[in-house]
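Please keep the sequence and the structure in view while reading.

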Amino acid sequence: MMVLVHGGVPGITPYCSGPHIWGSSLEKAVAIEVSGLTVDAMTQSVRKAIVEKGAGKARCHLVGHDLGGLLALNVAIESPELVSAVTAVASVAAAPTGDGLADYTLAHPPKPLWSCESQRWALERVSYSHHHIDSALLDGCVAAAARQQPVHADEFVASLMKSKSRLYEVCRTDGIKVPCQVIWGSHDPLTTFDHGLWLFRGIAQKQRAAQFHVINRAGALPFREEPEAFRHVVSAFVEGLP
Amino acid sequence: MSPLPEGRWIDVDGIRTRYFEAGTGEPMVFIYGGNFGTGDSASSAYTWSKQLAPLSERFRAIVFDKVGQGETDNPKNDDYTMAAVVRHAAAFLRALKLPPAHLVGHSRGGYAATRLTLEHHDLVKSLTVVNSGTLSPGVGTNEVVLAKPPHPAGTRECARWVYQNYSFDPNVVTEEWVDAVMLTLSLPKYQESVRKMTLEKLGSKLFLPELAREKRETLQWLDEGRLQRPVQVIWGFNDRTAVIDRGIELYQMFARHERRALFHVINQSGHFPFREHPGRFNALLRRWIESLQ
């Protein structure tokens, strides 16, 4: 079973993600909704969801976008018995922070926050092209904003840094126990090619079945902008699993 | 059992050419690396032995021996150049009367496949380049990693040492692989190419300077966006002879002009990801071609 874990939480990004974000990129997969105000709480929400969805079934291939990629890796670290593989997509949250440069891509979103127009602005800003932004996506984002509780940035960022630190410790020591791939959009304004490669390098230290892929002319949502290439990469990874 | 189907012969502009094929469907043609006249190692169609049978289940998979390599005749008129290799490869595709093919080129074969695409767009449907330091801009490190093998040229020990140093896992170099290298090295026509490239110095006088000149031109053509075909770059992450940075730079050259440009990195793999991780490599190729159908 393939389980899709979204990123994009209100309070951190000016667009509200959810199961709708995946569109029809991976049709046979199950998309879940993340809840919680810290990375640890969100990780537990993913773990709980896959236990419920996958009760009595085979282990899950977790496909996580941005923060969802980190959550997927966390579940693979904590409960490898539940996870067959991880795909981390444009996972800025999991990539090393470094002493990076300030990114102003999403600064000064138009108000009211989380309105349709404000979210359209954000989605356009993180994309290579605006063509994938349709009413289904915007309606989904507005509905997600209505049901999701915004996180508090201070508390959330502290939990993110703690979680990331643990991820790289595990990468260096015991290693992630399941095959992992990192997929990056070539034109993601929120990150750089190097960030994706360093996430891969971290995982690749101890996990033999690690791969890194770049999809051209895609921003932070490569599964929406280049769904065919995305499907090709994911299905080849699944097919080539040991 | 032989890892390749029974070989066939075809006359390609007067060059007796050895090739292997299996399956039906869209043609995919593999071009291996190396060049004629090397005495410490030798490539042949065997290089792709882990691809032909699995990929022939869905495609018409074809491997041929390049001019002067494997069992194919040496170039005519002592034309020991990469241009002759590209000309022969294009003439081979025409001789088989193939519809536009999916080319897969490794190392020096990645250069040949790319140059062939640039010169003969009508023969090519897509291009896959694998760990090609020859094509990529930047500094090649073969000389650094493979300098002066500690065994005499032409021995099994030497061939094993060379391919082990190309690889992440030395155990991937099987006796069967070394057998295939030794078979090529033992052919009188191959020994003639070694004599030409070394004793007559055609390697340093002709092959390398001509390649350098044409590589400059090839990179300029890529920079101008003249490839005009979907392209993917697949790279073994731990290759010390064509390091990952070279793959990235090459991918970025392609991606500037081609929407359908993908970059794939395979962990725990040296120069031959298709031999170290055939399952993962073949899956990438299979899905790539299906996505273009």
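The model is a predicted one. Strand β4, residues 83–89 of chain A, is mostly covered, with six of its seven residues buried.

Chain A contains eight helices and six strands, and their order along the sequence is β-β-α-β-α-β-α-α-α-β-α-β-α-α. The globule rule gives 18 Å for 242 residues, and the radius of gyration of chain A is close to this at 16 Å, so the chain is as compact as a globular protein of that length. Along the principal axes, the C-alpha atoms of chain A fill a box of roughly 45 × 40 × 35 Å. Of its 242 residues, 50% are buried. Among contacts in chain A with a separation of 6 or more, 72% are between residues 24 or more positions apart.

One residue of chain A can be followed in detail. Asp40(A) is part of helix α1, which covers residues 39–53 of chain A. Is Asp40(A) buried, exposed or partly exposed? Within 10 Å it has 15 other C-beta atoms. A residue needs 20 or more to count as buried and 12 or fewer to count as exposed, so Asp40(A) is partly exposed. Apart from neighbours within four places in sequence, Asp40(A) is in contact with Ser159(A) and Ser163(A). Leu101(A) lies 61 residues from Asp40(A) along the chain, and the C-alpha atoms of the two are separated by 26 Å.

Chain B can be described in the same terms. Its secondary structure consists of eleven helices and eight strands. A compact globule of 293 residues would have a radius of gyration near 19 Å, and the 17 Å of chain B agrees with that. The C-alpha trace of chain B spans about 45 × 40 × 40 Å along its principal axes. Buried residues account for 54% of the 293 residues of chain B. Of the contacts in chain B between residues at least 6 apart in sequence, 72% join residues at least 24 apart.

Helix α3 of chain B, residues 108–119, has twelve residues. From its first C-alpha to its last it reaches 17 Å, close to the 16 Å expected at 1.5 Å a residue. How many of the twelve residues of α3(B) are buried? Eleven are, and the helix is mostly covered. The buried residues include Arg108(B) and Arg115(B), as well as Tyr111(B), Leu116(B) and Leu118(B). The elements that cover them include the strands β3 (27–31), β5 (101–106) and β6 (124–130) of chain B, together with the helices α2 (82–95) and α8 (202–223) of chain B.

Helix α6 of chain B, residues 175–186, also has twelve residues, which should span 16 Å at 1.5 Å a residue; its end C-alpha atoms are 16 Å apart, which agrees. The buried residues here are Val178(B), Ala180(B), Val181(B), Thr184(B) and Leu185(B). Viewed down the axis of α6(B), they fall within an arc of 155 degrees, so they line one face of the helix. An α-helix has 3.6 residues a turn, so residues three or four places apart point the same way. The buried residues of α6(B) pack against α5 (156–166) and α7 (188–199) of chain B. Glu175(B), Glu176(B), Asp179(B) and Ser186(B), on the other side of α6(B), are exposed.

The last step is the place where the chains meet. Chain A gives 19 residues to the contact and chain B gives 19 residues. On the side of chain A that touches chain B, the elements giving two or more residues are α6 (193–204), β6 (210–215) and α8 (227–239) of chain A. By class, this side of chain A has eight nonpolar, seven polar and four charged residues. Strand pairing also crosses between the chains: β6(A) and strand β8 (residues 261–266) of chain B run antiparallel and are joined by five bridges. Within β8(B), Val265(B) is the residue that stands opposite Phe212(A).

Terms used:
Residues are numbered from 1 along each chain as its sequence is written. Chains are lettered from A and ligands numbered from 1 in the order in which they are written. This is a predicted model: local features need pLDDT of at least 70, side-chain atom pairs count only at pLDDT 80 or more; totals for chains, interfaces and linings use all residues. Helices (H or I, at least four residues) and strands (E, at least two) are DSSP runs, numbered from the N terminus. The expected span of a helix is 1.5 Å times one less than its number of residues. Two residues are in contact if their C-beta atoms, placed from the backbone, lie within 7 Å. The arc is that of the directions from the helix axis to the C-beta atoms. Ala, Val, Leu, Ile, Met, Phe, Trp, Tyr, Cys and Pro count as nonpolar, Asp, Glu, Lys and Arg as charged, and the others, Gly among them, as polar. Two strands pair if DSSP finds at least two bridges between them. The radius of gyration is taken over C-alpha atoms; the globule rule is 2.2 Å times the number of residues to the power 0.38.
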